[in-house]
Amino acid sequence: MLSLNAFKTSLNLPSPLISFSPDWEGAEKVSLYVKRDDAIHPIISGNKWRKLSHSLTHPLPKTIISFGGGFSNHLHALGFICFKLGIPLTAIIRGNYSANPSPMIEDLIQWETTIEYVDRKTYQRRNEYEYLNKLQTKYPDALIIPEGGSQARALSGLQDMMDEIDLEFDVMVAPVASGATLAGIIAALDKLDKHIPKARQGILTPVRKAIGIGVLKGEGYLEELVEQFLPDSLKTESVGEIETKQNASKTLTQPAQQIWHIVHNYHWGGYAKAPSELVAFCDDFNKTMPFEIEPVYSGKAFWAVKDMLAQGKFKNGARIVILHTGGLQGAR
Ligand SMILES: *Cc1c(COP(=O)(O)O)cnc(C)c1O
């Protein structure tokens, strides 16, 4: 068992920010960087640490309950952390894997996690007030963490990630599933932009942008997931129009600058769908690049950047940071 401080010193923080020069069409016209949260720890999947870190402060929770599927990177990261810190964890898992535990579940068992398999119907209730209230009554000492570690507090961990980047950039790209990672990036970008002198703000000033790559089919749905963590001013619909006073008599409305959007062309058919072309891309990438990707999250994000570069979707000279969220355990 480790103290929280000893545990934190075992993490590779701040995570490396490296420049990255693949031989992709169009890559020579931009600067590419990778924020390597995958390198934070060999077991803890990168963005899962970010999302959990602000729940793991003194006094540490007495016990923790959380949710996930049978291959969840979140439960895996949390299971390891709880084991190291000596916090009892109950994992509520969708589906019954008792006859056929996944490698992720085998790790949880080794890390002394209490596992509760629930059917899909029960699992669907995981965010319902009544269900959670009952759970909290049954386990009054427990900190209940939502699926994916995605909760308001997660955004502070992503703010820490953004604070580590001491580089001017134009675009940040990250994969999106439950949305908290992208929401954290957006909230941090918004704060950054508030530091830009007033005179340079406004609709014509290029501001930093966040582009999410949807890893599952969810046009509209993924935006909603992200927006539940954001203040109204950063929601897509509220950014529709702003008023600019041209002169005393005329008020024009113009589209305001949207600082984020999600691209929905790169989910490859759905969550964890990995067609052979994507798998081959990842394999080839892993042979030639200084770090690895996998087909569920990071592979889709890197492929998307490659494809968007070929299509000329980025301005010449754009400085693009790709957040490598980790996830290599899930690929097993
Ligand atoms: C969970 C996860 C994501 C998705 O992050 P969200 O905050 O749920 O959108 C992306 N990449 C990896 C490797 C993950 O494990």
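## A charge over a ring

Arginine 94 lies over the face of tyrosine 123, at 5.1 Å from the ring centre, where a charge is taken to sit over a ring if NZ of Lys or CZ of Arg is within 6 Å of the ring centre and within 35 degrees of the ring normal. In a further case of this kind, the charged end of lysine 48 is placed over the ring of tyrosine 297, 5.6 Å from its centre.

This is a predicted model, in which local features need pLDDT of at least 70 and side-chain atom pairs count only at pLDDT 80 or more, while totals for chains, interfaces and linings use all residues. Residues are numbered from 1 along each chain as its sequence is written, and side-chain values use heavy atoms, with hydrogens and water left out.

## Around the ligand

There are 16 residues around the ligand, and Lys48, Lys51, Ser178, Thr181 and Thr325 come nearest; a residue counts as near if one of its heavy atoms lies within 4 Å of the molecule. A polar side-chain atom of serine 178 is 2.5 Å from an oxygen atom of the ligand, and an N or O atom in the side chain of threonine 181 is 2.7 Å from an oxygen atom of the ligand. Glycine 179 takes part through its backbone, with a polar atom 2.9 Å from an oxygen atom of the ligand.

Helices (H or I, at least four residues) and strands (E, at least two) are DSSP runs, numbered from the N terminus. Among the buried residues of helix 7 are Leu155, Leu158 and Met162, and what covers the buried residues includes strand 2 (31-36), helix 2 (46-52) and helix 8 (180-193).

The largest nonpolar core has 35 residues, and those with the most contacts inside it include Met162, Ile186 and Trp260; such a core is a set of buried Ala, Val, Leu, Ile, Met, Phe, Trp, Tyr and Cys residues joined through side-chain atoms within 4.5 Å. Helix 8 gives the largest share of this core, 7 residues. A second, separate core of 31 residues includes Ala27, Leu32, Leu278 and Cys282.

## Aromatic pairs

The structure holds 19 aromatic pairs, and rings of Phe, Tyr and Trp (its six-membered ring) pair if their centres lie within 6.5 Å, with planes under 30 degrees apart counted as stacked, over 60 as edge-to-face and the rest as tilted. The rings of tyrosine 271 and tyrosine 297 have centres 5.9 Å apart and planes at 65°, so this pair is edge-to-face. Tyrosine 271 is partly exposed, with a relative accessible area of 43%, whereas tyrosine 297, at 14%, counts as buried.

Phenylalanine 285 and phenylalanine 291 also form an edge-to-face pair, 5.5 Å centre to centre and with 65° between the planes, and both of these phenylalanines are buried. One aromatic cluster contains Phe285 and Phe291, and its other members include Trp24, Trp268 and Trp303.

## Histidine 264

Histidine 264 is placed in the loop between strand 11 (260-263) and helix 10 (276-288), and it counts as buried at 13% relative accessibility. The side chains of histidine 264 and glutamate 223 are joined by a polar contact of 2.7 Å, a term for a pair of N or O atoms within 3.5 Å; within protein, one must be able to donate a hydrogen and the other to accept it, and residues adjacent in sequence count only if both atoms are side-chain atoms. Neighbours within four places in sequence aside, histidine 264 is in contact with residues including Gly218, Leu222 and Glu223, where contact means heavy atoms within 4.5 Å.

How values were computed: Buried means under 20% relative accessible area, exposed over 50%, partly exposed in between (1.4 Å probe, protein chains only).
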